[in-house]
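Q: I have a model open and would like to go through some of its side-chain contacts. Shall we begin?
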Amino acid sequence: MNTAQQSASEVRILKIHNKRIDAAAAGEFRQKLGEVVEKGNTRFVLDLSDVELMDSTGLGALVAALKASSDAGRVVIAGAQGAVATLFKITRMDQVFRLYPTTVEAAAAFKRASGK
Amino acid sequence: MDAPSPPRATVLAVDDARDNRLLLRMMLERAGYRALVVDSGGEALRVLEDEQPAVIVLDYMMPEMDGAEVARRVRATPKTCEVPIIMLTASHEEHHIEEAFAAGANDYLTKPVDRRIFIARIEAAIKAVEDSRKAKAADEVAEEWNAIRTDLGEAARVQQARLPPLPARFDGWAIAGALVPGRHVGGDLLDLMPGLGVDRVVALIDVSGHGLAAALVAAAVSSQLRTLVAAHPLPEAMRLLNLDLCREGSGKYACVAVAGLRRDGVEIVNAGLPPVAVLRDGECVAEVEGAGVPPGMIETSEYQSQRCALGPGDRLVLMSDGLTEPFGAPDRILPALDGLGLRDPALRIDELQPSDLAERIRRLGRARIQDPDDATLIVAGRSTSDAGTRQGAER
């Protein structure tokens with residue numbers, strides 16, 4: 001799993017560089033998300049702008065990370081597009097996760113929510 | 001700095017002549033072997049109680065116990081029975097060779113021994129043992145793999161056998177369907193079941209992931225659903241199913257669509273599957289999208305049903321995303337409906353055999369997809385002789 005992390009004003013951004021998050025990649029995806037959650041990052045943005053396909057196992061890994069964090073509001077998604085965005089829509093996970101077009105907008109939403 | 005070479009194998013050499021022992025030790029150690037050199041068969045057998053050499057080199061002619069007797073005892077001992085033995089004979093003792101092989105020797109050399117040939121034979125003996133071990137390990141892997149393939153084939157047969165007999169006809173309804181797993185067995189399942197206040201409930205289940213684990217969960221979900229829809233309205237049954245799956249902790253979730261068939265139409269709850277379609281005269285007059293997250297994901301999920309009219313000749317189509325996958329958009333069902341030929345008004349549901357539908361599914365271009373998803377299809381409709389309303393979708 002090819003990832004990169006950066007921190008911007010207490011908002012951790014985890015960018016996934018893989019084009020596919022399927023059964024082959026889901027285990028590592030789950031591990032990476034788990035590490036971010038375990039480090040106690042209070043807020044993090046998952047940047048999926050490079051991901052072209054996410055299957056049910058990938059979505060399952062994402063939900064597992066969400067459950068592992070005590071507050072669903074800590075995790076937001078940025079850059080989901082095409083089939084990935086559709087997956088969020090048909091599973092109604094767009095009602096569970098907050099989705100933003102870009103990481104900048106996602107981070108700004110965090111700041112607005114915290115009044116900073 | 002170069003890393004030190006790993007120590008080479010141990011060779012046990014047995015010869016009663018001191019000069020020969022010195023020569024054997026020199027040749028072995030120059031070639032990098034750890035040499036254990038002893039002067040009698042009895043001493044060799046004592047050494048073998050503590051050592052496991054890669055090769056044993058035995059002089060044939062020795063006092064007290066000759067090489068053939070040592071070889072027989074080595075072969076009779078489980079710990080050493082597979083250690084290769086090279087017998088050394090003098091050139092005028094070649095008549096002993098047959099006896100040496102009969103005693104268990106793998107190879108022989110006549111004295112005087114050429115150093116390069118001696119070492120080459122040692123290496124060949126060690127390689128033969130390694131090759132034998134690799135072949136045995138490969139055989140074990142192949143045997144295990146064959147057992148797994150047999151299990152998977154049997155699981156696939158059982159999964160297909162457990163599907164309801166299709167096409168099904170009852171109370172003026174006709175239902176057809178097929179399940180084409182992406183691998184041997186699928187995490188998809190279709191089922192027909194009695195439901196509270198409805199003629200029948202059709203259910204399509206698509207468990208996250210593929211293969212046996214997903215198939216096990218799908219079977220469990222189907223069983224739970226069967227119990228729940230018999231006692232509860234569909235939205236409540238789905239809520240309870242969701243709670244059960246969330247508490248189970250299998251880490252799996254299930255995209256589920258259930259449709260309760262009634263004389264006055266159909267009640268649908270879709271949770272995570274592509275839109276459920278109502279077709280009329282080849283046109284898609286209703287698409288029922290997901291109304292709740294797939295059971296097993298979020299404990300607090302609630303579910304709502306949507307009712308649609310379903311008159312004689314109308315078709316209700318439920319499909320898993322393995323059917324929309326070839327078209328690149330999980331929520332776009334029209335390309336799949338066209339590709340499957342389901343918008344053909346002349347199509348008769350009660351004549352659609354699972355094998356026919358499976359063939360239509362395979363023709364969708366799934367072969368081009370790397371690791372295709374399971375694909376499941378259910379088509380239900382009222383028989384054309386049954387009177388009914390033809391109202392539009394009640395959204």
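Q: Which side chain of chain A does Asp331(B) meet in a salt bridge?
A: In this predicted model, the partner of Asp331(B) is Lys89(A), with an N to O distance of 3.3 Å.

Q: How many salt bridges are found across that interface?
A: The rule finds 2 between chain B and chain A. Residue pairs in polar contact number 4 across the interface, both residues of each pair being at pLDDT 80 or more.

Q: What is the make-up of the chain B side that touches chain A?
A: That side divides into 10 nonpolar, 9 polar and 2 charged residues.

Q: And how many residues does each chain bring to the contact?
A: Chain B contributes 21 residues and chain A contributes 17 residues.

Q: What area do the two chains bury between them?
A: About 1,600 Å² is buried between chain B and chain A, and 60% of that area is on carbon and sulfur atoms.

Q: Changing topic to rings: how many aromatic pairs are there over all chains?
A: The structure holds 2 aromatic pairs. One of them joins Phe88(A) and Phe97(A), edge-to-face, with 6.1 Å centre to centre and 90° between the planes.

Q: Are Phe88(A) and Phe97(A) buried or exposed?
A: Phe88(A) is buried because its relative accessible area is 0%, under the 20% cut-off. Phe97(A) also counts as buried, at 2% relative accessibility.

Q: What about Phe101(B) and Tyr108(B), how are their rings arranged?
A: Phe101(B) and Tyr108(B) form an edge-to-face pair, at 6.1 Å centre to centre and with 90° between the planes. Phe101(B) is partly exposed, with a relative accessible area of 38%, and Tyr108(B) is partly exposed as well, at 30% relative accessibility.

Q: One more topic, charges over rings. Which ring face does Arg8(B) lie over?
A: Arg8(B) lies over the face of Tyr33(B), at 4.4 Å from the ring centre.

Q: And where does Arg200(B) lie?
A: Arg200(B) is placed over the face of Phe170(B), 3.9 Å from the ring centre.

Key:
Residues numbered from 1 in each chain as written. Chains lettered and ligands numbered in written order. Predicted model: local features only at pLDDT ≥ 70, side-chain atom pairs only at ≥ 80, totals over all residues. Heavy atoms only, no water. Phe/Tyr/Trp six-rings, centres within 6.5 Å; stacked < 30°, edge-to-face > 60°. Buried < 20%, exposed > 50% of the residue type's maximum accessible area, 1.4 Å probe, protein only. Lys NZ or Arg CZ within 6 Å of the ring centre and 35° of its normal. Contact = heavy atoms within 4.5 Å. Buried area = accessible area lost by both parts, 1.4 Å probe. Salt bridge = Lys/Arg side-chain N within 4 Å of Asp/Glu carboxyl O. Polar contact = N/O pair within 3.5 Å; in protein donor to acceptor, adjacent residues only side chain to side chain. Nonpolar A, V, L, I, M, F, W, Y, C, P; charged D, E, K, R; others polar.
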